[in-house]
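Here is a short briefing on a protein model.

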Amino acid sequence: MGASVTIYNVGGGGVNLVKGPLHLADNELSQAQNAELVSNQNTGGEGVLSKRGGLAALNGSALAGSILGAVGLNLNTIYTRTLLFAKGTEDTTTWVTTTDGATLANTSTPTRAANFDKYVDENNARSARRASAFRNFIVYAGNEYTKNTDRPDLVLWDGTAAQDIAEVITGPSSNGSVPYSITDMLTANGKIYFAVHDPDGANPNIAGRVMSLDLETGVIQQIAAPFGDGTGEILGGAPSCLAWHLGQLFVGLNGEDTTNGIGVVVRCRPDVDTTWTADVTNLSGFPCSMAVFLGNLYVGTMSSTSTGARIYKRTASTSAYAAQVTSGGGAGGNGHYASLTVYSSALYAVEYHETTPIVHIVTSTDGTTWTTSRDVDANDGGVSGLLPGSGIEFSDDLFYIFRSSTASANDGFVMRRTGGSWSKLATDNYSGPAVTLVRRT
Amino acid sequence: MPHLFTQGGSSLYKMNLSDGTTETLTLPSGVTLSTTNKPRFAVLNQWVVMVNSPTRNLVIDPEGTVRPLVPKAPTHPPLAAAGSSTGLTGAYLYKASFIVTNSDGELLLESPLSPSSISLTAANTDISLSDVPLSLDTISSRRLYRTVAFGSAYFHLMDLEGNIETATLDATTDAKLKTLPVQPSLSSPPGTLPGIRFKNIIEWKSRLWAVADDPTLIDTVYISDTNKVYAWNNTVIAYPTGMDSQGIIAFAKRKNQLGLLKRDGVWQISGSSSSTGISVANITVSQIAFGKTGCVAPDSVVAINDRVFWLGKDGVYEWSGDSVRSVTNDTVAPWFQSDTYFNRSRFSSAFGRYNELRDSYDLHLANVGDTTENRWVSLSLKTGGWYGPHLTSAFTPTHAGHCIDTNGLPITFVGGSDGVIYTGNSANYRDGAATAIDFDVYGPWHGGDAPDIEHFWGELSMLSRVETAGTLTVTPTVGRLDSSAGAAISHTLTLGRERLRRLGTGALCRLRLRHNTVNQGVSVFGYEVPFSELGRR
C-alpha cells in the first residue's frame with residue numbers, strides 16, 4: 001500500500017529529547033543546531049526551518065580582553081561642547097564658535113550678546129559681564145533692547161533657537177527708569193544668578209540688584225535687598241561680579257569711583273536671607289572678578305587713586321581679606337585684575353593697566369605667589385583699550401578674550417593656552433563674553 | 001545616541017553603537033576591575049551603576065565619567081572651637097560629608113556623614129572649624145552640617161569647596177539654618193570600601209536593589225532611595241537566612257513584583273507604588289516557589305515583558321502570572337538533567353539573552369567536556385519550541401545581552417573572548433568576518449505508523465526557499481535506530497523544489513539536513529518521501 005511522508009512544518013515543534021525516538025511528531029527534531037524559525041516569509045516563515053542569522057562584529061577593534069559584561073544605555077550619551085565667543089557689531093555675525101578650540105566659525109543664529117553701548121551708562125565699569133551655561137543651553141544678556149528705553153533681556157540659546165526668555169523689570173532701587181544692563185551671570189546652586197545695574201544712586205552708592213532665574217519655573221526673583229543709596233538699600237555700589245562660596249552668594253560691588261579703600265563684597269544665603277551681609281568694605285579698589293580657588297575666595301580689584309589693582313584672598317578660616325599681589329602698574333590707569341579663572345590646578349587672571357601699559361595673563365598655583373604666564377602686550381599685541389573679557393576653560397585648554405577697542409572694530413583677540421603654551425588664536429570683533437554650550441545627542 | 005558600556009578584560013569601555021568605536025573610561029583612583037567576577041549593571045535616573053567586578057561599586061554618568069557609587073565617609077568630624085568674633089550662643093554639634101556636584105551646582109553624590117563633633121558651647125562667639133576632613137575620593141566639596149543651639153538634628157550649614165582647605169568660620173544663626181535641608185540619612189552599603197561588594201543589582205520602581213557577597217548578608221537586599229544612586233537607607237531580608245552558601249543569586253524584575261532568586265526557591269517583593277516610586281514601608285517579601293524552581297546562574301535571568309526566565313538546577317524556569325514552571329521538562333530535559341550535552345558543573349556560569357527579533361530566550365552553556373560557554377540553546381517564546389544546541393566557530397562567547405541600536409531598534413548581542421561584541425540576526429549568514437554557520441538538523445524517525453514493518457522509501461522531494469547558490473546536504477538513515485547513515489544527497493538550493501533519489505529499504509527513515517557554507521542561508525519548507533510497506537520480517 002503506498003503512502004507518503006509529507007512534512008511542511010519542519011522543526012515547528014522544536015527539539016524533543018524526552019520522547020522515545022519512535023514517538024517524535026513529524027514536526028519535532030532531535031537536534032536543531034544553528035536552526036531557527038523566522039516569522040518572516042521573506043527570510044523563512046513560520047513552519048519553515050531556517051539557518052540562524054549571523055553574528056556580525058560590532059566593534060572593529062577588539063577590546064583588551066574577554067567581554068565580561070555590558071549594558072546598553074538608551075540615552076543621549078554624546079556630549080558635544082561648543083565654545084562661543086560673543087562678537088560686536090562689525091557685521092551680521094553674532095558669535096564665533098569652535099568645537100575643537102582651534103577652528104573658528106562665524107555664526108549669526110544666536111542673537112547678539114549685550115554690546116558696548118549697553119554699558120555706557122555704567123561708565124564702562126569693569127563688571128565681569130559673563131554669560132552662563134546651564135544644562136544643555138546657555139543664557140546671556142541680550143542686545144536687542146534700546147538702552148534707557150527698554151528692559152534688558154535674557155536670551156537662551158540651545159544650539160538651535162535663540163529665545164528671549166525674560167526681561168529685567170524696573171527695580172525698586174532705580175529712579176523708575178529701566179535697568180541699564182546685566183553686569184554678570186553665574187550658574188550655582190542649581191540656578192542662574194545675575195547682577196543688574198539700575199539707574200539712580202550717587203557714586204559710589206549706585207543702584208542695582210542681584211536676581212535669580214529658575215529655569216524650571218521661569219521665575220525671576222530678587223535676591224535679598226537692592227543696592228543703592230535709598231532707604232533699606234545696600235551701600236557700596238552696584239553688583240558687578242558674582243561667586244558662590246561656602247553655601248552663600250558673594251557679590252562684588254562697583255561704585256564707579258576711584259576712592260581708595262572702599263571696595264565692597266557682600267554675601268547672603270539666597271533662599272534665606274532678606275538682606276546682604278557686608279563681608280568686606282575696605283578693599284583698595286572695587287571688585288571686578290571673583291573665583292573660588294583651593295577653598296578660598298579670591299577677588300580681583302580695580303586700581304584706586306592711590307593703589308594699584310590687587311588680587312585679594314579671603315581666607316575661609318578667618319573670613320579675613322588679604323592682598324596677595326598688587327599690580328606694578330600702580331594707581332589709576334583703569335588698572336584691574338580681570339577674569340579670575342581656575343584652570344589646571346592654578347588660578348589665572350588678566351592684569352591690565354592702560355597707561356603703562358600692562359596686559360599680562362598672570363597665574364598662581366597657591367594663590368600667594370603670582371607670576372606672569374603671558375606678557376600679552378609684549379608678545380601678542382595687547383594694548384590699552386583692548387580690555388580683558390572672559391576667561392574660560394574648554395577642551396583642556398584655557399582661553400582669554402580681549403575685547404575690541406570699539407563695538408565695530410575687529411582688533412579684539414583670543415589667547416589660547418594649550419599644551420602649556422600661549423598663542424593668539426584669532427583676531428576679530430570680540431565683545432568679551434565666552435561660554436560653553438553642551439549639547440547631548 | 002545609545003551606547004554600550006562594557007567591560008573587556010580589566011578595562012571599562014563606552015562603545016558607540018552606530019560605528020563600534022570605543023572609548024576607554026578612566027576608573028577612579030585605586031579601583032580595579034576583576035576578570036573573574038563578572039560585572040553587573042543597573043540603570044537609574046540616567047546613571048549606570050556597576051558592581052561585582054569593580055573593587056568598589058561604581059557609577060557612570062551618560063558621558064562616561066566614572067565615580068565611586070558612594071564616596072567614602074569622613075572618618076572624623078570638624079574640630080570646633082570658639083572664635084574671636086561674635087554670633088552664636090549655645091551648644092553646637094557638627095558633622096561633615098563629601099559631596100560631588102555638577103557644573104550647575106546640583107548634588108550628584110554624597111557620602112555618609114562623619115561622626116559628630118564634640119559639643120561646643122559658644123557664648124556669643126563665632127565658631128572656628130578646623131580639621132575639616134579631606135576625602136581620598138575625587139569630590140567637589142565638603143558639606144558641613146550643624147545643629148541649632150542645644151539641638152540634636154543636623155541642618156545643612158555650608159559647602160567648603162574643593163578638597164584642600166580644612167578650616168572655616170561659622171557665625172550662621174539658627175534662624176538661617178532652619179529653612180535649609182535637614183541632614184540626609186546616608187549609609188555606606190557593601191562595596192563602598194574594598195573587601196565585600198555588591199554581587200548583583202537591578203533597578204525596579206525607580207530604586208536600586210542589590211545584594212552583597214558578604215556571607216552573613218547574602219539574604220539581605222539593600223534598597224536605594226528613589227532616584228538616588230548614592231543613598232542606601234533600607235534593607236529587606238528573604239527569610240529564612242543562611243540556608244546555603246549563595247543566598248540570593250539574582251533578581252527577577254516584573255511589572256509589579258521583584259523576584260529574589262535563591263538556589264532553592266523564589267521570593268517576591270511586592271508593594272504599592274506611585275508616580276514617585278514604591279514605598280519601602282509598604283512592601284512585603286514572601287516565598288512563592290520552593291525547591292528546584294530556584295536559580296543557579298545569576299546571568300541566566302532574562303526578563304521579557306512580564307515574564308522572567310532563568311536556569312535552575314534541572315532546567316529552565318519561567319515565572320509569569322502567579323506561577324513558576326519548568327519550560328524544559330516536557331521537551332529538552334536531558335539537556336539539563338544528563339551529562340550528555342552540557343557541562344553541568346558550569347551551570348553557574350551560564351548566561352542568557354533575549355533575541356527580540358526572533359522572540360526567543362537564548363541560554364549560553366558549556367558543551368560537555370568544555371570549560372567555556374561555547375554552546376547556546378534557544379526557546380521560541382512564540383511556539384514554546386527549543387532549538388539548538390547552537391555553536392559558532394568564530395569565537396568563544398563570554399557574555400550576552402540585548403539593547404537598542406542608534407535607531408531605537410532592538411538588537412541582541414554576544415561578547416566574545418576575543419574582545420569583540422557581535423550582534424545577532426545578520427542576514428549575511430556568517431559569524432564574524434568569514435566563518436560559516438554550521439546548520440545541522442536531525443529530523444524525526446519516520447515509520448509510517450508501523451515501525452515494525454519494513455518499508456520501501458521512495459524518491460525524496462525537497463522544497464526549500466530559492467537561494468542564489470548553494471547545496472543542502474541531506475543524509476538519510478534507513479533501517480533501524482542503530483543503522484548507519486546512507487550516502488549523502490545534495491539538494492540544490494537554487495531550484496526551490498528538487499526530486500532526489502530513492503532512499504532505500506528499511507523499517508525506519510530519517511533525514512539529517514546540513515549546510516555549512518559561509519554567506520549562504522537555508523530555509524527548508526518541507527519534504528516528501530513516498531513509501532510502501534514491504535512486510536514484516
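**Overall shape of chain B**

Chain B has a radius of gyration of 31 Å, whereas a compact globule of 537 residues would have one near 24 Å. The radius is taken over C-alpha atoms, and the globule rule is 2.2 Å times the number of residues to the power 0.38. This is a predicted model: local features need pLDDT of at least 70, side-chain atom pairs count only at pLDDT 80 or more, and totals for chains, interfaces and linings use all residues. Residues are numbered from 1 along each chain as its sequence is written, while chains are lettered from A and ligands numbered from 1 in the order in which they are written.

- The C-alpha trace of chain B spans about 115 × 45 × 40 Å along its principal axes.
- Of its 537 residues, 50% count as buried (20 or more other C-beta atoms within 10 Å of the residue's own, with C-beta atoms placed from the backbone).
- Contacts are pairs of residues whose C-beta atoms, placed from the backbone, lie within 7 Å. In chain B, 57% of the contacts with a separation of 6 or more come from residues 24 or more positions apart.

**Domains and secondary structure**

- Chain B is assigned domain 1 (79-177), domain 2 (190-423) and domain 3 (439-535); the bounds come from an automatic or database domain assignment.
- The centres of domain 2 and domain 3 of chain B, taken over C-alpha atoms, are 40 Å apart.
- Chain B has two helices and 44 strands (DSSP runs numbered from the N terminus: helices are H or I of at least four residues, strands E of at least two).

**A four-stranded sheet in chain B**

- Four strands form an open antiparallel sheet in the order S21-S22-S23-S26. Strands pair if DSSP finds at least two bridges between them.
- Its edge strands, S21 (248-253) and S26 (284-290) of chain B, each pair on one side only.
- Strand S22 (residues 257-262) and strand S23 (residues 265-270) of chain B run antiparallel and share six bridges.
- Opposite Leu261(B) stands Val266(B), in S23(B).

**Contact between chains A and B**

- Chain B contributes 118 residues to the contact, and chain A contributes 91.
- Strand S44 (residues 523-535) of chain B supplies the largest share of the chain B side, eleven residues.
- S44(B) pairs with strand S1 (residues 2-7) of chain A, antiparallel, over six bridges.
- Within S44(B), Glu528(B) is the bridge partner of Thr6(A).
- Strands of a sheet pair through backbone hydrogen bonds, either parallel or antiparallel.

Notes: Contact = placed C-beta atoms within 7 Å. Buried ≥ 20, exposed ≤ 12 C-beta atoms within 10 Å, placed from the backbone.
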